[in-house]
Amino acid sequence: CFMGNLRQLIKEHLLLGKRIAQLLSSFKVQYSFEVDRTTHAYHRKTRTGISDYNEKEISNAEIKYIVELSLRDIAEKIAQHNIIHDESFVVKSVDKEIAIAIVPKHVEDNFWKLIIVTVFRESLNNPFRVGENQLVIWVN
């Protein structure tokens, strides 16, 4: 019985790896940040009136870079059902001074659209606030 359980675990692990690879390949080919950035996120590219806040504008290229750094984690969390359709999550990096709130949209099969709903200059003194039990993916 132990060998049967071991075989099943190995099979599940291999299938999960295959699913993650499928998701990663469909992410890289099929999503666009220009189209998927909401008006709110565009207007939040810079903020004023926040004490000790870095007011440097957050560019589309910067958002794309941070999301690309987190794609493997995003794919793994989708495959593990920790990221689900329409349930927002956040990608954060204190080192890169950015937090990005994302709403994932499951379009079909392995194709997901990631909609950037807001951006924020993350810092130790001004962390982006997240919801209770909201998924946060940290990027270095």
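Predicted model: local features only at pLDDT ≥ 70, side-chain atom pairs only at ≥ 80, totals over all residues.
Residues are numbered from 1 along each chain as its sequence is written, and side-chain values use heavy atoms, with hydrogens and water left out.

Met3 belongs to helix H1; helices (H or I, at least four residues) and strands (E, at least two) are DSSP runs, numbered from the N terminus. Met3 counts as partly exposed because its relative accessibility is 46%, given that buried means under 20% relative accessible area, exposed over 50%, and partly exposed in between (1.4 Å probe, protein chains only).

The overall arrangement comes next. The protein has four helices and four strands, and its pattern along the sequence is α-α-α-α-β-β-β-β. Of its 140 residues, 38% are buried.

In soluble globular proteins, nonpolar side chains tend to be buried together. A nonpolar core is here a set of buried Ala, Val, Leu, Ile, Met, Phe, Trp, Tyr and Cys residues joined through side-chain atoms within 4.5 Å. The largest such core has 23 residues, and those with the most contacts inside it are Ile63, Val67, Ile74, Phe89, Val91, Ile100 and Ile102. At least two residues of this core come from each of helix H1 (2-30), helix H4 (60-79), strand S1 (89-93), strand S2 (98-108) and strand S3 (111-120). The most is given by H4, with eight residues. A second, separate core of five residues includes Val90, Ala99, Phe120 and Phe128.

Two members of that second core, Phe120 and Phe128, also form a tilted aromatic pair, 5.6 Å centre to centre with 45° between the planes. Rings of Phe, Tyr and Trp (its six-membered ring) pair if their centres lie within 6.5 Å; planes under 30 degrees apart count as stacked, over 60 as edge-to-face and the rest as tilted. Phe120 is buried at a relative accessible area of 8%, and Phe128 is buried at 15%.

In one of them, Glu62 pairs with Arg121, the closest N and O atoms being 2.7 Å apart. Glu62 lies in helix H4 and Arg121 in the loop between S3 and strand S4 (136-138), 59 residues apart, and both residues are buried.

Lys105 and Asp86 meet in another salt bridge (2.3 Å, N to O). Lys105 lies in strand S2 and Asp86 in the loop between H4 and S1, so the pair ties together parts that are 19 residues apart in sequence. Lys105 is partly exposed at 27% relative accessible area, and Asp86 is partly exposed at 42%.

Lys92 and Glu122 also form a salt bridge (3.2 Å, N to O). This pair links strand S1, where Lys92 lies, to Glu122 in the loop between S3 and S4, 30 residues apart. Lys92 is buried at 6% relative accessibility, and Glu122 is buried at 2%.

Notes. Salt bridge = Lys/Arg side-chain N within 4 Å of Asp/Glu carboxyl O.
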